[in-house]
Amino acid sequence: MSQSEISEMARKYAPITVFQEDEQFFPISFEELLSADIPTTKVGDISNWFDGVHKGKDIPFHHLGEYLSYNGHVDYVINGKNALGLQEVTGSRENSTIYYSYIEQDGRKFLNYHMIYAFDPKNGTAADPGSGAHNYDRESITIELGADNEAISISTSGHLPGQTMGLNGDDYSWTSSRLVMPFEDDSNLFPNHDNHPIIAIARGAHAVYPVQGTYDLSVPIFMGFSKKGQELAGLTSDLTAEDFAQRPIDHPDGRNILLPDTSDLSTSDFNQYTLKKLDFNQTSDSRYSYLNFSGDWVDVLASEVSSYSNEPFPPFTEKEKFVTDWIDEGDSGFNFNSIPQLNVNLREDVETYLSTYLTDADAILSGHVKDAVTNSPIENAAISSLNASHQFDKSLGLSDEEGNYRVKVESGENRNILISKNGYMPVEYQGITLEENEEKFLETILQIPSEYEGRTDGIIKGHAYRADNGGIIPGAVIKVRESFNSRSGEVLYETETGDDGSFLFEHVETGYYTIEISKDGYITTFINVTAIGGMEVVKQLLMSPALDEDEVRIVLEWGAEPSDLDSHLTGPASDGGEFHVFYGDKTYYEDGIVHAELDIDDVTSYGPETVTIRNLKSGVYHYYIHDYTNQSNPGSTAMSNSSAKIKVYTENGYREFDIPVNQAGVKWNVFTIEDGAINPVNTIE
């Protein structure tokens with residue numbers, strides 16, 4: 001799979017995690033671990049551990065990688081009870097991070113989700129750690145994908161091989177360190193919400209369990225196990241109707257239900273974690289190498305020392321080479337249809353919270369975010385919806401590592417969104433209209449670095465042209481308003497085009513603006529523009545003369561590359577067949593009268609390329625774009641990344657279509673017109 005496909009799969013199956021109400025530690029990022037201010041830690045000689053002798057040695061915290069190989073070393077162990085160090089690095093439910101990685105092995109495909117904790121207090125607390133407490137804790141789940149990339153199984157990890165774990169005592173118990181369960185099986189369905197598995201996290205120890213509840217487990221005592229431990233995982237007490245009336249973000253249990261920051265779980269009612277791709281080169285870097293060490297004997301001892309060691313501990317860094325064994329050797333006997341009623345109730349409580357408060361979105365908004373200066377993609381730009389008063393409504397999702405976002409929204413008119421990122425000026429996009437079940441692609445958003453904010457030496461200039469024949473338009477009124485797609489309100493700058501159709505705005509403050517251009521006899525048009533202090537923006541403003549009832553004008557614009565994009569229009573012909581207007585046959589006549597024509601054929605970048613239907617009839621019209629420049633390379637993404645935009649003008653105004661970004665193909669199917677109705681298609685092939 002390509003990286004974009006892997007990212008899409010990772011977001012599709014990202015887990016929903018449920019923590020205990022009094023959990024102190026939450027999964028954090030490597031950057032947060034790396035910045036931990038711990039001067040030294042103490043290691044002991046593991047060969048003397050069972051004799052109770054610690055040959056302590058203080059080592060600079062950030063130099064542990066020089067002593068400890070991946071997942072520990074048979075000669076050293078951190079002296080967990082006397083030099084823990086990371087109790088204060090707790091992370092938070094409001095700012096958590098979960099990593100994902102993808103592996104293809106032995107003809108099989110696996111998605112792994114990694115949770116990294118700074119500290120594991122076991123059954124104790126940060127102030128008073130329990131037995132076996134240690135620095136660093138890595139937990140994971142693994143989802144195996146089938147041939148069609150649909151999840152077929154999920155593996156959750158508990159503790160040590162040979163250690164007995166049971167749900168509500170002996171009702172359900174297993175001795176493998178992990179469970180492997182079918183993901184979607186009508187007879188035994190893993191808890192999930194719209195493909196997102198719902199997993200229960202044990203308080204303190206952070207072991208991953210398949211359902212909410214209380215688990216009993218045997219605790220290792222030197223070379224044996226003594227059954228006396230207990231772990232509370234996720235929700236452990238029934239919620240009431242009064243509980244569900246309180247927003248989860250404000251409820252003691254609900255605020256510990258953490259959702260991934262994916263587009264399909266758009267919400268401001270739950271805490272959300274950041275989903276990141278795991279960079280194995282990063283974790284192997286000498287600056288990060290100590291992060292691969294868990295710090296106490298339960299995660300270190302090699303097999304020659306202890307038969308119940310979990311030293312291989314996949315899937316993480318180089319240990320991912322064991323992933324097929326990790327899955328195939330797991331316990332597969334857990335049955336969700338036979339769990340005790342208490343656990344059924346707890347499972348249903350979480351699902352009720354999710355179904356009650358998650359947005360019932362019925363449309364999708366997609367796009368791309370780039371740095372306006374460097375043109376590089378922006379990861380983790382926050383996409384939020386705004387209400388009619390332009391105040392924050394809810395979080396919709398984040399852009400991925402390639403700058404792409406795809407968020408669920410409610411259909412309707414005049415939807416407003418905000419795109420924001422630390423270090424950049426936020427941009428508001430107003431007045432978006434979405435039909436039910438429509439996926440709308442917005443133009444690429446160029447976000448301005450904050451360092452340019454407040455500068456007033458930007459320049460916006462250009463010319464106004466007729467969209468039907470390329471002629472200049474003098475005397476057109478140009479108004480500039482703040483925000484994108486802002487069609488009413490305060491006008492910040494205003495001018496008229498000169499005799500040569502030119503216009504100029506100087507001393508423009510850095511920001512995001514909408515240009516309105518109007519003139520009698522033309523359809524008023526709006527264009528978004530990003531102005532940056534010290535820089536000059538040149539815009540081509542196209543206007544269509546007013547149209548009659550049966551006329552439709554289609555105008556294509558794009559960027560510098562590819563140099564030649566071609567418009568194609570097919571529609572019902574008088575002989576019962578289909579006409580095709582394009583560069584090779586520019587005009588279609590009926591009874592000697594022009595029915596449709598290619599007004600302008602541009603072959604040198606930017607456009608316009610214009611097609612006009614003079615007499616719209618009943619039947620189906622199909623409009624598409626062909627990348628003539630790259631026609632011999634169907635895998636090209638040049639057209640997709642050309643910032644191509646279509647305006648479809650009618651007597652009542654116009655409708656816009658922006659090209660989907662980062663997609664391979666040389667044919668853009670834009671829309672159809674059927675019996676006068678414009679129907680979006682907006683796919684690339």
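## Basis of the model

Local features in this predicted model need pLDDT of at least 70 and side-chain atom pairs count only at pLDDT 80 or more, while totals for chains, interfaces and linings use all residues. Residues are numbered from 1 along each chain as its sequence is written, and side-chain values use heavy atoms, with hydrogens and water left out.

## Overall make-up

The protein contains six helices and 44 strands, where helices (H or I, at least four residues) and strands (E, at least two) are DSSP runs numbered from the N terminus. Of its 685 residues, 57% are buried; here buried means under 20% relative accessible area, exposed means over 50%, and partly exposed lies in between, with a 1.4 Å probe and protein chains only.

The accessible surface comes to about 27500 Å², and 44% of this surface belongs to carbon and sulfur atoms; accessible areas come from the Shrake-Rupley method with a 1.4 Å probe, and for residues only the protein chains shown count as cover. Among contacts (heavy atoms within 4.5 Å) with a separation of 6 or more, 67% are between residues 24 or more positions apart.

In helix 1 (residues 3-12), the buried residues are Ile 6, Ser 7, Met 9, Ala 10 and Arg 11. These buried residues of helix 1 pack against several strands, namely strand 5 (97-105), strand 6 (108-120), strand 13, strand 18 (271-277) and strand 21 (392-398).

Asn 422, in contrast, is exposed, with a relative accessible area of 76%, and is found in the loop between strand 23 (412-420) and strand 24 (427-434). Its C-alpha atom is separated by 9.4 Å from that of Ala 382, which is 40 residues apart from Asn 422 along the chain.

## Salt bridges

The structure holds 26 salt bridges, each being a side-chain nitrogen of Lys or Arg within 4 Å of a carboxyl oxygen of Asp or Glu. One of them joins the side chains of Asp 22 and Arg 203 (3.2 Å, N to O). This pair links distant parts of the chain, 181 residues apart, with Asp 22 in the loop between strand 1 (16-18) and helix 2 (30-34) and Arg 203 in the loop between strand 13 (196-201) and strand 14 (208-209). Asp 22 is partly exposed, at 43% relative accessible area.

Glu 590 and Lys 617 also form a salt bridge, with their closest N and O atoms 2.9 Å apart. Because Glu 590 lies in strand 37 (residues 587-590) and Lys 617 in the loop between strand 39 (609-613) and strand 40 (620-627), the pair ties together parts that are 27 residues apart in sequence. Glu 590 is buried at 14%, whereas Lys 617 is partly exposed at 26%. In a further salt bridge, Lys 122 meets Asp 120 (3.1 Å, N to O); Lys 122 counts as buried at 17% relative accessibility, and Asp 120 is buried at 0%. Glu 443, Lys 645, Lys 647, Glu 656 and Asp 658 are linked in a network of salt bridges.

## The largest pocket

A pocket is defined on a 1 Å grid over the protein atoms alone, as an open set of points where a 1.4 Å probe fits, with protein on both sides within 12 Å along at least five of seven lines, and its lining residues have an atom within 4 Å of a point. About 1300 Å³ of space lies in the largest pocket, the volume being the space filled by probe spheres set on grid points that are joined across faces, edges and corners.

The lining has 45 residues, of which Leu 446, Lys 539, Trp 558, Gly 559 and Ser 643 lie nearest the centre of the pocket. By class, 20 are nonpolar, 14 polar and 11 charged, where Ala, Val, Leu, Ile, Met, Phe, Trp, Tyr, Cys and Pro count as nonpolar, Asp, Glu, Lys and Arg as charged, and the others, Gly among them, as polar. Strands that each supply at least two lining residues include strand 19 (363-371), strand 32 (525-531) and strand 41 (645-650).
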